[in-house]
Amino acid sequence: MKLLTARDEREALRLYKRYPEALPLAGGTDLMVGWNTGRLNGKTILDLSRLKDWARIRETPMGVWIGALATHTAIRVHPAVKSRFPLLAESSETIGGRQIQNQGTLGGNIANASPAGDTFPALAVYEAKIHTVSDAGRRVVPFSEIFAGVKQTTLQKGELIEGVELTTPSTEPCRQGFRKVGTRAAQAISKTVFAGLLWLNKDRTVDDIRLALGSVATSVRRLEHIETSLTGQKLDPKAITRALNLLSRDIHPIDDIRSTRDYRMLVSRNLITSFLNAR
Amino acid sequence: MQVKINNKNRSFNGTPFKRLIDVLREDFGLTGTKEGCSEGECGACTVLLDGKPVNSCLISICQVEGAAIETVESLGLPEKLHPLQESFLREGGAQCGICTPGMLMTAAAYLKAGGDPSPDAIREELAGNLCRCTGYQHIINSVAKALSENKK
């Protein structure tokens, strides 16, 4: 194992350019599990823990900036995140136990690209922008384009996640919902994880709706068919049933060690229904 | 590299990717910290990093340069126990003892933060610490007792 230690951003980018095969080390809560099982023997690791600026969270005129190395704890207790992006604060609280929340980072969570990433449905409905940086320059990637598949991102060679930009929606949603379903109430990897935003018009028809589910496809999914079907409709049982019939177009759950396809389909239906029927 | 362990400045010159738990146990003889699952599920290896509970089996020493680490050895002495050690003794919060150092450290951070002594809040706070003996009730009682006595 070869360890590269970056003292600052410039050095990190220079080292990553020279060693594009290196694995960036943020909090390490996933990477170190691989190390403990011997999977990382012979690999090169790029330690980013000295990039203190990348751990900042700050309120901006448009929303919130969350540095890639901000921990889940820092996110879940941050007043601006709690008030403006409550679903992200709530989802950060469901990741692992306190020990993981104190060490794991949002940038690491995204770069790790697990299909079960607990923050991802919230980032999807808030339409987060991922800021990346490499020796060649900076890019902004819409959250919907950051994943290429299971454990794969669209990050390019030598490119690191610098931070996440969240923009407050122009009108406040009248309903926001987050729900994670796992084997235990806490410290569990999700079987299904849901986030939703809803805007209603004065006549109770749907002005806009954003729904997302995790652990039900290779990466988190916005439920585009369901969203389209509900937009402009009154949220009556008929419209909800019609929309839910499109669920299998939006998600593709599988049987695995944590759950089954059928259970995930059913629980996804129930999560959406309870969000749409909430008062 | 320098790291503060249990309020003493220590220097470490070994391999920079050595795990914190191994540095504590092997280089500094602090064997109170236990290794359980090695994957961040069980919390037996919990220590405080700048006052916050973390899994020492998932941190390499290079990540904590200049930081302050507290282990279970920092809590109390046989002749002067920490309030949590007292309450674990009195309420039967320890059985085989492997999870106990981790439970104590997570609870110690919670106590210091003036945590809510309700059983639900304690359960959530301790969710990252598994115990295979007690069924948790005695542990929750122990922590609740220490918290409520702290409030008095």
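Which residues of α3(B) are buried? They are Thr100(B), Pro101(B), Gly102(B), Met103(B), Leu104(B), Met105(B), Thr106(B), Ala107(B), Ala108(B), Ala109(B), Tyr110(B) and Leu111(B), where buried describes a residue with 20 or more other C-beta atoms, placed from the backbone, within 10 Å of its own.

## Basis of the model

This is a predicted model, in which local features need pLDDT of at least 70 and side-chain atom pairs count only at pLDDT 80 or more, while totals for chains, interfaces and linings use all residues. Residues are numbered from 1 along each chain as its sequence is written, and chains are lettered from A and ligands numbered from 1 in the order in which they are written.

## Helix α3 of chain B

Helix α3 of chain B spans residues 100-112, helices here being DSSP runs of H or I with at least four residues and strands runs of E with at least two, numbered from the N terminus. From its first C-alpha to its last, this helix of 13 residues reaches 18 Å, close to the 18 Å expected at 1.5 Å a residue; the expected span is 1.5 Å times one less than the number of residues.

The helix is mostly covered, with 12 of its 13 residues buried. The cover over these buried residues includes α6 of chain A, and from chain B it includes β3, β4, α2 (83-91), α4 (119-125) and α5 (137-151). Just after α3(B), Gly114(B) adopts a positive phi of about 70°.

## The two domains of chain B

Chain B is divided into domain 1 (2-74) and domain 2 (83-151), with bounds that come from an automatic or database domain assignment. The C-alpha centres of these two domains of chain B lie 21 Å apart, and 16 residues of domain 1 are in contact with 11 residues of domain 2, contact being counted when the C-beta atoms of two residues, placed from the backbone, lie within 7 Å.

On the side of domain 1 of chain B that touches domain 2, β3 (46-49) and β4 (52-55) each supply at least two residues, and β3(B) gives the most, with 3 residues. By class, this side has 7 nonpolar, 6 polar and 3 charged residues; Ala, Val, Leu, Ile, Met, Phe, Trp, Tyr, Cys and Pro count as nonpolar, Asp, Glu, Lys and Arg as charged, and the others, Gly among them, as polar.

## The hairpin of chain B

Strands β1 (residues 2-5) and β2 (residues 8-11) of chain B pair in the antiparallel sense over 4 bridges, where pairing requires that DSSP find at least two bridges between two strands. Gln2(B) stands opposite Ser11(B) in β2(B). The two strands form a hairpin with 2 residues between them, and Asn6(B) in the turn has a positive phi of about 50°.

## The two domains of chain A

Chain A is divided into domain 1 (50-167) and domain 2 (175-277), and 22 Å separate the centres of these domains of chain A, taken over C-alpha atoms. Here 21 residues of domain 1 of chain A are in contact with 22 residues of domain 2 of chain A. The elements that give two or more residues to the side of domain 1 that touches domain 2 are α5 (86-93), α8 (120-125) and β8 (147-149) of chain A, and the largest share, 5 residues, comes from α8(A). This side of domain 1 of chain A has 12 nonpolar, 7 polar and 2 charged residues.
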